[in-house]
Amino acid sequence: MSQPLVGAPHDRVEGPEKVTGEARYTADVVIEGLVHAAVVPSGIANGRIVAVDDSEARAAPGVIEVMTHHNAPRVSAAKPADSDSLLFLLQNDRIEFDRQPIAVVIAQSLEEATYAAQLLHVRYEADHPETNFDAAPRYVPKEIFGEPATHQRGDPEKAFATAPVRIEQTYRTPTEHHNPMETHGTVAQWNGEHLTLHDSSQWAFGVQRRIAKVFGIDAEQVRVIVPYVGGAFGSKGQMWSHVALAAMAAKLVGRPVKLIVTRPQMFGWVGHRPQTEQRVALGAQRDGRLVCVTHDVLSETSVSDEFVEPCAVFSRDLYAVENYGMSHALPRLNISKPTYQRGPGESTGSFAMESAMDELAYEIDIDPLELRLRNYSERQPDSGKPYSSKQLRQCYARAAERFDWGRRVPQPRSMNEGRLLLGLGMATASRNTHRTAAKVRIRANSDGTVVVACGTIEQGCGSPTVYAQLASEILEIPFERVRFEFGDTNLPEAPLAAGSQTSGSVGSVVVKAATWLRDKIADLGGTIPPNGIVLDVADEPGENDESYATQAFGAQFAQVVVDPDTGEVRVVRFVGAFDGGRILNAKTANSQFVGGIVWGISMALFEKTRYDARTARIMNANLSDYLVPTNADIPNPEVIAIEADDPHINPAHVKGIGEVGITGAAAAVANAVYHATGVRVRDLPITPDKLLV
Amino acid sequence: MNPFRYARPSSPSAAFTDFAGERRARYVAGGTNILDLMKIEVESPPLLIDINALALASIEVTGDAIHVGALARLTDVAENEQVRTHLPLVAIALEESASPQLRNMATIGGNLLQRTRCPYFRDTATPCNKRAPKSGCGALGGELRREAVLGTSEHCIATHASDLAVALAALDATVHVTGLSGNREIALHDFYRLPGDTPHVETSLGPGELIVAVSLPLLSYGARSTYLKVRDRAQYDFALASAAVALDLSGKTIRQARVALGGVATIPWRSLQAEALLRNAAASRDTFERAADAALAEARGRGGNDYKIPLAKRTLVRALEIAAA
């Protein structure tokens, strides 16, 4: 091949299907005899169900069954492992959070199920819900994703006490709900003791194992098919209650059941980013060199479950600083279980840490970019390991040049665009990237086509395209001859498609399999036997993976204008440069970076789940009141990918790039708002009311 | 959504006759609000009377007013040359409303009857005196960010959601209605009712009365007018505060003025106090700020919506500056 396939901005192979409406998602699945389920969510956030009157619902047209805690099949809602969530499967009368599933209505049509769901009359005994983040009892988790929740290097307290310059501030980020275009949904069908699920999920195998536990059957009795996923961003990383409720309903009525989560129910039981309060203390020399960083985090969790937003991981692994301390503690509230949301920890943590760095830069009158360079780490500060690669200097330099950072007048409120205040801000982006074990099946057909099959999923990131690019380059065959199959537990096992790990994990085993096949075909003298060649290949991280610190980096630059009268903020320009290792596809990679930046802007200016503090009821559970950006709110983000070969990171030489784009983005906007206005907003989102000075 | 019957009358009299047979009926035109409310169970009319077949969509200048049929779509009114030339505050208010898709469907008559976006009104799991009389006001002491600071009562603090109606309040447009008891005209300042202790009664329309047209007076200084809407995001968002203003300037002196506020009050809020302060005063920031103070003098914040008072003042000052420029 004269042109390398890998890295080329190849169009998505499924693009035509998606833009013409041909692509099938879970809600599009049709099975003979299919009936429809509507979940009834609770109207209180704490208490118990005293009585359910389902007579009117049962009498409504088309209704087949009303499933409540009185008649639901007995199953196990318990958590098989710490990392799993308690499920809410109508096994008792308890209510722990707003919009908890309390019943399921099954009818011939979706409209009939939805209508009958309104006719269910539920009497509650409501207890006072815990909603006070500041006052609720809090505890220290044992660990955060296998790492200590509380950690220290050096003596940050002592260093802070004697530091010539000190910054100590508290930053807050609100509860934020994922709202992928495709809501969650499941189609469940029993065949005797065998269950087939179509599910919108980031991990078919995770659903397979978890649902088997719920029904006390073997994982082999469950097949999970994941059609195209219309976005997930962490919200579909674990199996939530509705998946099991669909399977229970299917068992109860003896028919296949489709259960689609509605948009308001997206604010119910399918996870959210927890609100946080983060205290950041920086001690520095007068020249800006950090002597200590302390990052203490509070993040909300639910009554029965634990999720930690690991904000301080960002600051732990960022700058060269000898003394460092971090802690995480969790207030328990009557909310549903929080979960991973794009850049969990890093996106929220970077807002706090990179805002604090900006405050330090103004305090000692150093250019914020120069401050970052003075604290540049050549090795991962905590582990002491060398980076597999780090192109952050180049990210800073290239983004600053494109953005024309040099025009910045340091004094806040000193630049204008007409009557509007103009502000420039920047922040560092960083996200750890890992790989885990993955398997593929590779098959060469006698006609020269190749199929690579893997049970991973396609959630918009471009997996069927990039893995075909990887394989075809190694096999030295045209891209069109390679097809990537995915989305089925009958295929070889792939890890959870989250945590920026899929390209590194699946990509590495694709490289291994394609390399084996290329050599095999060469051994056979370049011919493929009539019945083809097939091999299942597995790959997992080796010892080598432990010797390097693996991180994606970036530099984010935001330009905002602020109306001095009304406090309205608009982001008018955004430049991000990213070190994402080898780029597999320039087009889909760009989309990932841009998507991250858009969400970062959204986090800075718009998103906040608003609770009624008396009842823990979410009062903006819709996309009119829960604000996400419109096209008019987003400039055309300019993305620069700083590519460098990284042979140490994994066989595919790639870093995960799905999340690094959001990190630092909100801080860059907040820092630009400060530069424009002289108002430091430490409590997201930055809405006009906070800028009326 | 509840099952409902559907009628499509071909004349206004047939429409209100249908209504007379079912007092819980609702008229539907663009459907951008009533269908939404039916989906979330806030409205459950047993009969929907579709008035789209009525010949009520014309826009014409008659004498000293632009006569807009109730079924004229927001887009058509916003694009009308007479409206754009003589009453830019109306065109801008429409363009700042909703999204193009919604503006293509929504009608002028329907927009005047747009229901509040108060989250308690829209959530049947919470109390609301407007939705369920005597059930209490969930918003008082609750999530207040979008609630009103003007025209509130201890029974309701829901903000009126319309942008258009704010411009029409500034103009003091006339609403033409018809019904079983005949035709009548209602001045906009008589059209909307303060919530008082009957927040479920929002207008002076009688049962089954149908809006057939709205007359927009061709204010002599209407060309010097604007509508300024402040919101969290750039488009497709309800106002945190808005102002519709028109100024009659003689050199640097204001001869007459019209002022109305949106996003901050329970009804489209014309401020005669601000107008009085502006009359015969110099067109200066100082004057505008005094007018804004007067407009918000009666405002009452309840914590989470306190910011609306300074924000509305700044919005009004800025709108007056734009109009004066």
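What follows is a short chat about this predicted model.

Me: Let's start with the chain contacts. How many residues of chain A are in contact with chain B?
Reply: On the chain A side there are 24, and they are in contact with 26 residues of chain B.

Me: And how does the chain A side divide into nonpolar, polar and charged?
Reply: The side of chain A that touches chain B has 10 charged residues, 8 nonpolar and 6 polar.

Me: OK, cores. Which residues have the most contacts inside the largest nonpolar core?
Reply: Those are A:Val105, A:Val452 and A:Val669, in a core of 206 residues. Helix α14 of chain A, residues 665-677, gives the most to this core, with 10 residues.

Me: What does A:Val105 touch, leaving out residues up to four places away in sequence?
Reply: Its contacts include A:Ala37, A:Ala38, A:Val40, A:Val63 and A:Leu120. A:Ala113, A:Ala116 and A:Ala117 are also among them.

Me: Which residues are in the other core, the one of 109 residues?
Reply: That core lies apart from the largest one, and its residues include B:Ala170, B:Leu188, B:Trp269 and B:Ala283.

Me: Staying in chain B, how many residues of helix α5 are buried?
Reply: 6 of its 8 residues, so the helix (88-95) counts as mostly covered, given that buried takes 20 or more other C-beta atoms within 10 Å. The buried ones are B:Leu89, B:Val90, B:Ala91, B:Ile92, B:Ala93 and B:Leu94.

Me: What about domains in chain B, where do they run?
Reply: Domain 1 covers 5-50 and domain 2 covers 225-324. Their C-alpha centres lie 36 Å apart.

Me: Now the backbone. Where is the cis peptide bond?
Reply: It joins A:Leu684 and A:Pro685, with omega at about -5 degrees. A:Pro685 lies in the segment after α14 of chain A.

Me: Is A:Asp365 buried or exposed?
Reply: Exposed, because it has 10 C-beta neighbours inside 10 Å.

Me: And B:Glu41, what's its phi?
Reply: Near 70 degrees, again a positive value in a residue other than glycine. B:Glu41 lies in the loop between α2 (34-39) and β3 (47-50) of chain B. B:Glu41 counts as partly exposed because 16 other C-beta atoms lie within 10 Å.

How values were computed. Residues are numbered from 1 along each chain as its sequence is written. Chains are lettered from A and ligands numbered from 1 in the order in which they are written. This is a predicted model: local features need pLDDT of at least 70, side-chain atom pairs count only at pLDDT 80 or more; totals for chains, interfaces and linings use all residues. Two residues are in contact if their C-beta atoms, placed from the backbone, lie within 7 Å. Ala, Val, Leu, Ile, Met, Phe, Trp, Tyr, Cys and Pro count as nonpolar, Asp, Glu, Lys and Arg as charged, and the others, Gly among them, as polar. A residue is buried if 20 or more other C-beta atoms lie within 10 Å of its own, exposed if 12 or fewer, and partly exposed in between; C-beta atoms are placed from the backbone. Helices (H or I, at least four residues) and strands (E, at least two) are DSSP runs, numbered from the N terminus. Domain bounds come from an automatic or database domain assignment. A nonpolar core is a set of buried Ala, Val, Leu, Ile, Met, Phe, Trp, Tyr and Cys residues joined through C-beta atoms within 7 Å.
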